[in-house]
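This report looks at how the parts of a protein assembly meet one another. Please keep the sequence and the structure in view while reading.

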Amino acid sequence: MPQDHLVTAKELSRDDIEAILDRAVEIADDPSAFRERHADTLLALCFFEPSTRTKMSFDAAAKRLGGETVDMGSVESSSVKKGESLADTMRVVEGYADAIVLRHPSEGSAKMASEFVDVPLINAGDGAGHHPSQTLLDLFTIRESAGLDDLTIGIMGDLKYGRTVHSLSTALTNFDARQHFISPESLRLPRSVRYDLHEAGAQVREHTDLEAILPELDVLYVTRIQRERFPDENEYRKVAGEYQIDAETLDDAKADLSIMHPLPRVDEIAPDIDETTHANYFEQAHNGVPVRMALLDRLL
Amino acid sequence: MPQDHLVTAKELSRDDIEAILDRAVEIADDPSAFRERHADTLLALCFFEPSTRTKMSFDAAAKRLGGETVDMGSVESSSVKKGESLADTMRVVEGYADAIVLRHPSEGSAKMASEFVDVPLINAGDGAGHHPSQTLLDLFTIRESAGLDDLTIGIMGDLKYGRTVHSLSTALTNFDARQHFISPESLRLPRSVRYDLHEAGAQVREHTDLEAILPELDVLYVTRIQRERFPDENEYRKVAGEYQIDAETLDDAKADLSIMHPLPRVDEIAPDIDETTHANYFEQAHNGVPVRMALLDRLL
Amino acid sequence: MPQDHLVTAKELSRDDIEAILDRAVEIADDPSAFRERHADTLLALCFFEPSTRTKMSFDAAAKRLGGETVDMGSVESSSVKKGESLADTMRVVEGYADAIVLRHPSEGSAKMASEFVDVPLINAGDGAGHHPSQTLLDLFTIRESAGLDDLTIGIMGDLKYGRTVHSLSTALTNFDARQHFISPESLRLPRSVRYDLHEAGAQVREHTDLEAILPELDVLYVTRIQRERFPDENEYRKVAGEYQIDAETLDDAKADLSIMHPLPRVDEIAPDIDETTHANYFEQAHNGVPVRMALLDRLL
């Protein structure tokens, strides 16, 4: 990591990633050893758009390290409504806290903000841009279940708009992973991401159908297909239906296939999968706490 | 208590109630003895509808025990808006915290949620359903002022829709209490609650007027009559006016009559009662902290 | 200070102010010496209208002293919506916390609230009324840069509606300060404030233009001119434009002129000033934490 901020997963080398994940394992194994580690730390939570999971798990992570948080509150209750620039807000907040977690709807906002502040800043999602701590918890979850090397992963659903998918697939190029992308034609991985993966020497294949490739997968990463992407409700239903899975779908899967999802899910994964050993998405969400603890520990 | 959750006051035996209230007395007498008792505990506050009093006092209770809280935030800023089920939200949140406090507008939601999580879950109000920690603080307040046995209590106002009243009257059947219900005919205690009280052998009488019964009462528990319950504004004013009390109303009351109210009040209790020794409703609200501390102490 | 509340800066004598600012200097110099000082303190944050800066810095201040906060949440999610009076809300909240910070849109609300509660209450802004902790951090910032005695200060912008300006100018009468007020005729300091300053023997002059007086100033305190104050957009643009400053404006200023602003700013101070040594407004915002820590330390 070239600096004290974390704006994109691209800044993370394989060594960076492994150091953070190793630390997260230590934390998950013995959280009590870390409970006073950052006892005097105040973390500012600046969420310019809503997020349950990311915000709660950063909040929990700071507190599990013995630290505290101060919350900017919603945009409706902030100076932003009075016309304050993001740069000004960030320069004020850096005086209140030891580090900043920023979520903002505009792509590039976290990069810009990081140039104005001296305390560590973590990008917790900048529109269609990046969300590197999500990538770290995804990598952690994959490593715990299937390992990051000699991995065959399928990534299915909306591959066009999902920043989660773009970050994860890019990060996986640091490892020996075969990546299979499964989506309708209209929601293919963008050309720019495919180009980057190609440049990085990634082993990539694209599919419109899960069936043929399913038996080879160690991990199936499912994402939500959003209704808003389709002009026509019927078109949406038809497409979305083809990329939903249930217990029956998994008949041909490996016994230890791990199913992941960044959540929230709607209909992509049927509830009958929840009770199977394949279901790994709640565990994945829970991993947000030790991984974000490890990340804070590294930056503070 | 059959399990580690608290969904309804009905789950609480007389022994359970007394153990919690005894602990609350210890806490109120010497809070400093408990200030590190749950120093590593993280409590998740999941309020799917607003609540000032309940949320703030659970928040204070966790912190007075040395613990911390993580707040889900408002529904507008949560994954619920993206269509996530309550079961999924709860299964995610249980990974972030050591216990969950849940308020939700749907009756039965807390029961359902408790079946999906392994950490203790406290129902902080499920629509027209239950709100057991309110009942515990009501019982604590009654015990402190008049005692729970050989008690004569009047419960007045909206007895039809008030879950607070239903829970309290049910819980009082564990004790030797004479219960007088005072309300307009249209807001009588529901048949089902009357049936339950009868089955439990409660000593119950109903009145449409406070005057005759007032001199016998040790406690008068007043609730708000809501405008929304009446199709006609004039009808509302007439009925509500008959169940408002002021200092003069209390001329015939016992000298040590304790007046309670779950708050917020609007016009039910005139401000001239606030300065009398009868006024016990602010004390009742304050009791929320030691009682919720005792409850958390029991479940954690 | 006559009591344990802080409602207006007028209650503060020169000795009170200096004691608080001296303590704030101690805190800023060695915050770690204070990090357990109020370890068992719970501060209630009751913000009936939005505020990023004030709320976050009180929150940070309590936590930097080892204490904790409980947040009432927004008015939309509070009992206020059910018709509860401010007096009732305050009497409930005082049972949950050791001190209260109150922001409320109605002038006089903090004074009224302070009469109902026994725990210390700090006014964090009551409409067009007072905001004494802002005044303290302004005084702290002036003292750090130019000193409070033998001071020549210019206060520019909206002098009619800005409570910040009224409080600061009144507080400065405790010190040997020459005050220059620079504003359009329509936004002059109100007659009542001018009268109070005159009665206190303040050295005051009014100007419609910055240019002539600029070379004499040690401090220039800029405030925002709000569009809402003008019936006509063109009139607003013309007036506001005359009271905006940029690096070029400052050619004739003293080398050590300190520029302050209560923030948020919109266009009053051009970004090219941010990188000059004159810019003191972010430092001023940051001073909110040690000053509010010192204030809490005095009241608790």
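How many salt bridges does the rule find across the interface of chain B and chain A? Across this interface the rule finds six salt bridges, and it should be kept in mind from the start that the model is a predicted one.

## Where chain B meets chain A

One of the salt bridges to look for joins the side chains of R265(A) and D88(B), with a distance of 2.6 Å from N to O. On the side of chain B that touches chain A, the elements giving two or more residues are β1 (42–47), β2 (68–71) and α3 (86–93) of chain B. Sorted by class, the residues of this side of chain B are eight nonpolar, six polar and ten charged.

In total, 24 residues of chain B are in contact with 23 residues of chain A. Between them, chain B and chain A bury about 2100 Å², with 53% of this area on carbon and sulfur atoms. In chain B, the residues that lose the most area to chain A are K82(B), R91(B) and Y96(B), which together make up 31% of what that side buries.

## Where chain B meets chain C

Chain B also touches chain C, and here 23 residues of chain B are in contact with 24 residues of chain C. The area buried between chain B and chain C is about 2100 Å², and carbon and sulfur atoms give 53% of it.

The rule finds six salt bridges across the interface of chain B and chain C, including one between R35(B) and D40(C), whose closest N and O atoms are 3.1 Å apart. Between chain B and chain C the count of residue pairs in polar contact, both at pLDDT 80 or more, is eleven. Both α2 (53–64) and α9 (281–286) of chain B supply at least two residues of the side that touches chain C, and α2(B) gives the most to that side, with seven residues. The side of chain B that touches chain C holds nine nonpolar, four polar and ten charged residues.

## How the copies are related

## Two domains within chain A

Chain A is divided into domain 1 (9–129 + 287–299) and domain 2 (133–286), and the C-alpha centres of these two domains of chain A lie 26 Å apart. The contact takes 27 residues from domain 1 of chain A and 24 residues from domain 2 of chain A. About 2100 Å² is buried between the two domains of chain A, and carbon and sulfur atoms give 56% of that area.

Across this domain interface of chain A the rule finds three salt bridges, and the side chains of D196(A) and K10(A) meet in a salt bridge of 3.9 Å, N to O. On the side of domain 1 of chain A that touches domain 2 of chain A, α1(A) gives the most, with eight residues.

How values were computed:
Residues are numbered from 1 along each chain as its sequence is written. Chains are lettered from A and ligands numbered from 1 in the order in which they are written. This is a predicted model: local features need pLDDT of at least 70, side-chain atom pairs count only at pLDDT 80 or more; totals for chains, interfaces and linings use all residues. Side-chain values use heavy atoms; hydrogens and water are left out. Domain bounds come from an automatic or database domain assignment. Contact means heavy atoms within 4.5 Å. Buried area is the accessible area (1.4 Å probe) that two parts lose on being put together, summed over both. A salt bridge is a side-chain nitrogen of Lys or Arg within 4 Å of a carboxyl oxygen of Asp or Glu. Helices (H or I, at least four residues) and strands (E, at least two) are DSSP runs, numbered from the N terminus. A polar contact is a pair of N or O atoms within 3.5 Å; within protein, one must be able to donate a hydrogen and the other to accept it, and residues adjacent in sequence count only if both atoms are side-chain atoms. Ala, Val, Leu, Ile, Met, Phe, Trp, Tyr, Cys and Pro count as nonpolar, Asp, Glu, Lys and Arg as charged, and the others, Gly among them, as polar.
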